[in-house]
Amino acid sequence: MTFHDVIVVGAGPSGCAAALGFAKSGLSVCVLEAEPHRGMRFGIEWLHPTAIELLAELGLDIRKEASLGRGWALLPEDGSEALLFPYPRGSDAAALPQEVLMSRLRRALGAHPRITYLEGARAVQQEGVRLRFAQRVKSFPEEIEELRGDLIVGASGRSGNRWSPESPSPPAPCSRLVAIRLNTDQKLPFEGFYHIVLGGLGPLVFYRLDSQSIRILIDVPLAFPLPREGTRLREAMLEEAYRSMLPLSLRPLFREALLSGNYEVTMNAVRAREWPRVAGRPNQVAWIGDALGVQHPLSALGLVLALGDARALWRGEGLGARMRASRVPEMIAIALYEAFADSSPSTAAIRSSVIRMLRTHHRRRLRIMSLVSGQNQSRADFARTAIAMLLHGGRDLLRWGIRTGRIDEVPEIATEIAGRLGWLAGGTFRLTQALPVKNHQEAPFGPALRASRPSGEVLGLGLATPLEIDLESQIETTATRLLALQRPNGAIRSQFTLRAEAIAIYLGAMRALSAPVPPETRAHLRTFIEMNLDRLRVLPPTARLLLYIGARWLGIEAEDSRLVPLRVQARFPPWVLTIFAASGLIDWQILEPKLPGFFFSPSSSPLAEKAGALLKQMRFQAPPCPITQKIRKEIEGLLDLSPTQLRLVPSLPSREAISLELANIDQKLFQSIGWADGILLALALRAIAPSDPLLNRVAPSLCLDAPQGPSFPLVFESELRESAIALIALSTLPIPYRHRFASSIDRLALFLRDFLEPSKESGQTLNKSLKALCLLALLNARSIEMHEAEKLLESIFFDEKDAFAPDFFSRLFTPTSSFLEGWHLLGPLGQTDEWLFVSVAGLGQAIECFPELRPKLLPLLERGLALLRGKEKPMGNWPVGGHRLFGTMLGIYALRSASCPPHDSAIRRACASVHSMQESDGSWAIQEGSSPLADTAYALLALLLGEDFDLSAIERAFRFMLGTIEEAAEIPALFPGLGWGQSAFDLKMAWLWALSLFAKRKSN
């Protein structure tokens, strides 16, 4: 047995530094290194000024052979000007290859007379002050020997501590690191700076390594499906995901390095520093470097901490002093990783605000770099700087919420800020674990490491079973069901445009109009309801109560057991309450808290607003009838009449003026507006002119009998809308299915082209908004020639004198006739924001299909993209009619159609917002009255369009859909919701689209 004063296990940077320090103080040291060539692989190669000083103290001056660094250059995700963080004056960093640093350190070990350096010596077992190790020799594979020392130093890295029974717990993986070395002398945007690029799937770092090479570091989320080594797929995916984050001059070299395999992949991990009970005392084991705690390498603070641990140990500093000295670098490593890598909406909003603030605070940037480099270890300075930035971000968000009226989104972000403030205060001023968790086994990550858990796989949950899905059968079945709605003229139109819940609205309107319901229509409606009464679990409360009212008006007895689940408390939109009040189902007095003054739906057409206001002003109500009185008593207490966010009609004309305007409407007007607005106008006309012969023609048109049953018609524009959206979904089908359904797709495209023909009256009178949607569909299907597309683009975008004026888009989406854009029960593309999305997508598709049009269309597309990005909320979504998932899906689709890459900051924020709303069963249900099936379909579609790499979330969503879609698909009309995009048609469309994208992704 050999005795040494100190035994060091591991000859990495911390182990070498500890050995040299102890030997410098006169002690004998033995260093064991099991894998001497492992340390020559990629490691920390950017040395902060503090690390350089620590090495110089050991007699190693590396400045002459290193590239000096001046600071950090942060390239924000929004593409704005880079933000420079220089080191304090008089201090520089150094960058040099890992093998150069390790060679210098190990040569110093071998040259020191008091150090015994054993290569190939693997520590096996530690018992008190004794350490057994296996030594490779020539005559035998391994030979077990034993050492004894006063102190055993564990410097064997984050995963080599099994030799000690008191070794710290293993670190938890948080991401992967891809390290690439480019052999080039090309100039960088900011020479001498450590470039950090944000906005991708993970942050990307590049810097000058030496005069002839550049180092690139890529942080790859664990949810990124990185294929196994040796396949071109891995290189292709890395290039596609990260190439646009690099300067143009480096992209070809980046591709070449990937294809040649000139890169390394390693696992990033985090673990709080687990201090031993005693340190610096003889006859004990002390841990240093990565064996003590692991941080993400993004901050390059690992070497500062490792060398600092070694110096504190050989100097004999107390445990408390070392904990105080290492606390700031450790917390900075955690905070920086979260700030740079976390794509959650709250962190992105805070990050954007902080970057704006730092642009004007040069002194604060200097203070940040003094903390990052380890030169300033003041916990008070760190806490003061971090808290100031968080509070600044919170203040900006609060001002934004007040200014935009979106104050309801601020509390969620404020909660995040409060959690971070608590973590900062606790971790900085109390010497406890840096990670704010109570149970490391159950919660490996705390609030300050939210970026470390991008999916269930990271937390060890994994996927219960592999996803099994017959994509061919699902695609064919869904496409067949969608095309079953195709009419002889090639158009797609839902059988029940407004779903079964609209039965109650129709019957209420007919009662208010004092118009009889045809017996055959009544019989069809009652049969339909009775057939579907037992299929209730897909219905939200609003739809259930409406279905109950309709069933009772059709003569189904209240005692029927199937009606019991329908009697639930629900909330109706104001226009539905107005119709029911006119029918006598609700008293106007009850609606006073709901409709104070002259308020109405925020999305109604002006003419419908006037009609509703007139009905309320006159308190028009149909004569009472026994069945209506019974239903009134039965639903008493079930209507939620709490005030809602409504828009004030600023200047309501007199009753006489409204009456005169309504008296001038004709049958053609009723045919050109939405079904709901048509009912309100008919009721207003009934109130002021009960004998008008027009009413005799309007009432029968509210419900049409067809061979397959009655349907509630919208305007012809609804047929165009559904046909256009169906063509977009069918255009995404994989090639074999497009060939199988080619005739139906061609007929559908021919219908749209024929209707858009400029020489026809329909094409001339069609509003620009609907033209943009139809053009987008034809471009997706590649079913339009360039000269045809150019004419349509001219008529939509370029017939204005000042087409690029700031308010062009707002004027573009303002209908020429106020009533053309009336509020529809299911018209999710009837709002200004949606038409902005459609137009941006259409312009992007036009440029892709016809590059010759790029010079003309690109300025308009850039303007549209700027407006679209400006409408994205800080939480990363675009609400449409209150439906965040539907609008977010449209926003991602528009950005992708405009050739924005998957790592675009707006797309990544939107995908993160979608993730934050997913339920544990894989579904989404974001609001009362919406369907989990429809919400999940839209969320799934959003993630697939955004090429999100969290496969576990996508597969959990597919499991939920596969478990429930068949039942819903068999109910084409009885599908829930009075909300946006909640019809059976919309479900089929979104589900087919998602299946097609998923099939293409799997095939790729």
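Biologist: Which residues does Arg686 touch, not counting residues up to four places away in sequence?

Modeller: Please keep in mind that this model is predicted. Arg686 touches Ala512, Leu513, Ser514, Phe620 and Leu695, when residues up to four places away in sequence are not counted. Arg686 itself has its place in helix H21, which spans residues 675-688.

Biologist: How far apart in space are Arg107 and Cys16?

Modeller: From C-alpha to C-alpha, Arg107 and Cys16 are 10.0 Å apart, while in sequence they are 91 residues apart. For the protein chain, 75% of the contacts with a separation of 6 or more are between residues 24 or more positions apart.

Biologist: What does the protein chain come to as a whole, in helices and strands?

Modeller: Its secondary structure comes to 36 helices and 21 strands. The protein chain has 1004 residues, of which 59% count as buried.

Biologist: How does one describe two helices that pack together?

Modeller: Two packed helices are described by the angle between their axes and by the distance between those axes. Here, helix H31 (residues 854-871) and helix H32 (residues 884-897) have axes that come within 11 Å and cross at roughly 150°. Angles over 145 degrees count as roughly antiparallel, and H31 and H32 are therefore roughly antiparallel to each other. The crossing in which H31 passes H32 is left-handed.

Biologist: Which residues of H31 and H32 meet?

Modeller: On H31 they are Leu865, Leu868 and Arg869, and these meet Gly891, Ala894 and Leu895 on H32. The residues of this contact divide into four nonpolar, one polar and one charged.

Biologist: How many aromatic pairs does a search of the whole structure find?

Modeller: The search finds twelve aromatic pairs. To describe a pair, one states the distance between the ring centres and the angle between the planes; planes over 60 degrees apart count as edge-to-face. The rings of Phe837 and Trp878 have centres 6.1 Å apart and planes at 75°, so this pair is edge-to-face. Phe837 lies in helix H30 (residues 832-849) and Trp878 in the loop between H31 and H32, so that the pair links distant parts of the chain, 41 residues apart. Both Phe837 and Trp878 are buried.

Biologist: What are the distance and the angle for the aromatic pair of Tyr893 and Trp993?

Modeller: Tyr893 and Trp993 are 5.1 Å apart, centre to centre, with 85° between the planes, and this pair is edge-to-face. Tyr893 lies in helix H32 and Trp993 in helix H36 (residues 984-1003), so the pair ties together parts 100 residues apart in sequence. Tyr893 counts as buried at 8% relative accessibility, and Trp993 counts as buried at 5%.

Biologist: Which residues form one aromatic cluster?

Modeller: One aromatic cluster is formed by Trp46, Trp72, Tyr194 and Tyr207.

Biologist: Where is Ser899 found, and what is its phi?

Modeller: Ser899 has its place in the loop between H32 and helix H33 (905-916). Its phi is positive, about 70°, although Ser899 is not a glycine. With a relative accessible area of 56%, Ser899 is exposed.

Notes: Residues numbered from 1 in each chain as written. Predicted model: local features only at pLDDT ≥ 70, side-chain atom pairs only at ≥ 80, totals over all residues. Heavy atoms only, no water. Axes fitted to C-alpha atoms, helices over the stretch in contact; angles between N-to-C directions. Helix = DSSP H or I, 4+ residues; strand = E, 2+ residues; numbered from the N terminus. Parallel < 35°, antiparallel > 145°, perpendicular 65-115°, else oblique. Left-handed = near helix turned anticlockwise from the far one by under 90°. Contact = heavy atoms within 4.5 Å. Nonpolar A, V, L, I, M, F, W, Y, C, P; charged D, E, K, R; others polar. Phe/Tyr/Trp six-rings, centres within 6.5 Å; stacked < 30°, edge-to-face > 60°. Buried < 20%, exposed > 50% of the residue type's maximum accessible area, 1.4 Å probe, protein only.
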